Amino acid sequence: MTLATIAQHVGETFFTSPWMTIDEQHLAQFAYSTYLDPDHADLTASKNNPLGSTLVDGFLLTSMLTMFHFNNSPVREPGIYGFNYGMDRVRFTHPVFVGEELRCVATLEKVDERPDGRVLVTTNNVIELKHTDKPAMVATWVTLFATLDGTSEA
């Protein structure tokens, strides 16, 4: 799939990632990188969490969309790159715990080709949990694709 042909695929599955497991190391590194560690934050509220200390933070799930898209996006052309344009909607619909397997299923919702040659791509992303019918997270993510020369042509 190229930026020149991406609009032909609106409504189709953009990708389905392989299953992966979030482990304690992911959770600890996320806490450290977001200052959610005892050196920088009072974690009393987290320790009193009724779901337990192995609950995965929703913002960790959100940040994982970058990895899922980097590793699985079907848009591959020399010289293109995508800017994080923003999220239109994010909902955390089911708790995720350390050790659970999850994957991302992304659907191409909308493509807006701009006069400057850049392309706004909107994807609906569902984080699925293995062995659970209800998704863990749903998010609508907008990415602005461009090329190094400023056009959508490779």
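The structure is a predicted model, in which local features need pLDDT of at least 70, side-chain atom pairs count only at pLDDT 80 or more, and totals for chains, interfaces and linings use all residues. Residues are numbered from 1 along each chain as its sequence is written, and side-chain values use heavy atoms, with hydrogens and water left out.

Strand β5 spans residues 119-129; helices (H or I, at least four residues) and strands (E, at least two) are DSSP runs numbered from the N terminus. Of the 11 residues in β5, 8 are buried, where buried means under 20% relative accessible area, exposed over 50% and partly exposed in between (1.4 Å probe, protein chains only). Strand β4 (residues 101-113) pairs with β5 in the antiparallel sense over 11 bridges; two strands pair if DSSP finds at least two bridges between them. Val-121 in β5 is the bridge partner of Val-111. The hairpin of β4 and β5 has 5 residues between the strands, and Gly-117 there takes a positive phi near 95°. Strand β6 (residues 137-147) also pairs with β5, in the antiparallel sense and over 9 bridges. In β6, Thr-143 stands opposite Val-121.

Ser-63 lies in helix α3, which covers residues 58-72. With a relative accessible area of 37%, Ser-63 is partly exposed. The side chain of Ser-63 reaches the backbone oxygen of Leu-60 at 2.8 Å. Leu-36 is 27 residues from Ser-63 along the chain, and the C-alpha atoms of the two are separated by 15 Å.

Definitions and conventions:
Polar contact = N/O pair within 3.5 Å; in protein donor to acceptor, adjacent residues only side chain to side chain.
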